[in-house]
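Open the model in your viewer and keep the selection tool at hand. The stops below say what to select next.

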Amino acid sequence: MKNIAPDAVDRIDRAILTELQKDGRLTNVQLAELVGLSESACLRRVRMLEQSGIIDRYVMLVDQGAIGKPGTVFVRVTLDGQQREKLASFEEAIGTVPEVMECYLMSGDVDYLLRVIVKDTDDYLRLHNKLTGLPGVLRVQSSFALRTVVSKTSLPL
């Protein structure tokens, strides 16, 4: 993440970001109209937001249930040590596991928190066996999400 001064993003930039977070497929013409800019001014601002790293990327969201992976499991991973090399080995390996949607290095009583998606408990058992075989893994603790209460993709601006 690039270091960008909070005051570098003005009201118009926030409006652009808000609209693009709602619909990343807006054309520049549509976006310019929504935020009250000329098309050329809007395009310049979007390019600046992209080049500065404020706009990280454009993505499409897929419903995980629709692709046969309705289950969400939060996995707490403890390593057998916290040496830089052990952390780096685990982080490299966890990045190759397709079911891992998010991985966070944590403070507190566990080293990592993962959000993984699975088809069912049998699928999770397969994944659990894969996770316990990763470099440095000492313990894996899992909690199955029963229901999604809030799921956001837009950041508050």
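Start by selecting V100 and V116: V100 stands opposite V116 in β3. This is a predicted model, in which local features need pLDDT of at least 70 and side-chain atom pairs count only at pLDDT 80 or more, while totals for chains, interfaces and linings use all residues. Residues are numbered from 1 along each chain as its sequence is written, and side-chain values use heavy atoms, with hydrogens and water left out.

Next, select V75, L114 and Y124, which have the most contacts inside the largest nonpolar core, a set of 20 residues. Such a core joins buried Ala, Val, Leu, Ile, Met, Phe, Trp, Tyr and Cys residues through side-chain atoms within 4.5 Å, buried being under 20% relative accessible area (1.4 Å probe, protein chains only). β1 (71-79), α4 (84-94), β3 (112-118), α5 (121-132) and β4 (137-144) each supply at least two of its residues. Another core, of 13 residues, lies apart from this one and includes I12, I16, A32 and V35.

Return to V75 and display its surroundings: among the residues V75 touches, leaving out those up to four places away in sequence, are L131, V140 and S142. Contact here means heavy atoms within 4.5 Å.

Conventions. Buried < 20%, exposed > 50% of the residue type's maximum accessible area, 1.4 Å probe, protein only. Helix = DSSP H or I, 4+ residues; strand = E, 2+ residues; numbered from the N terminus. Pairing = 2+ DSSP bridges.
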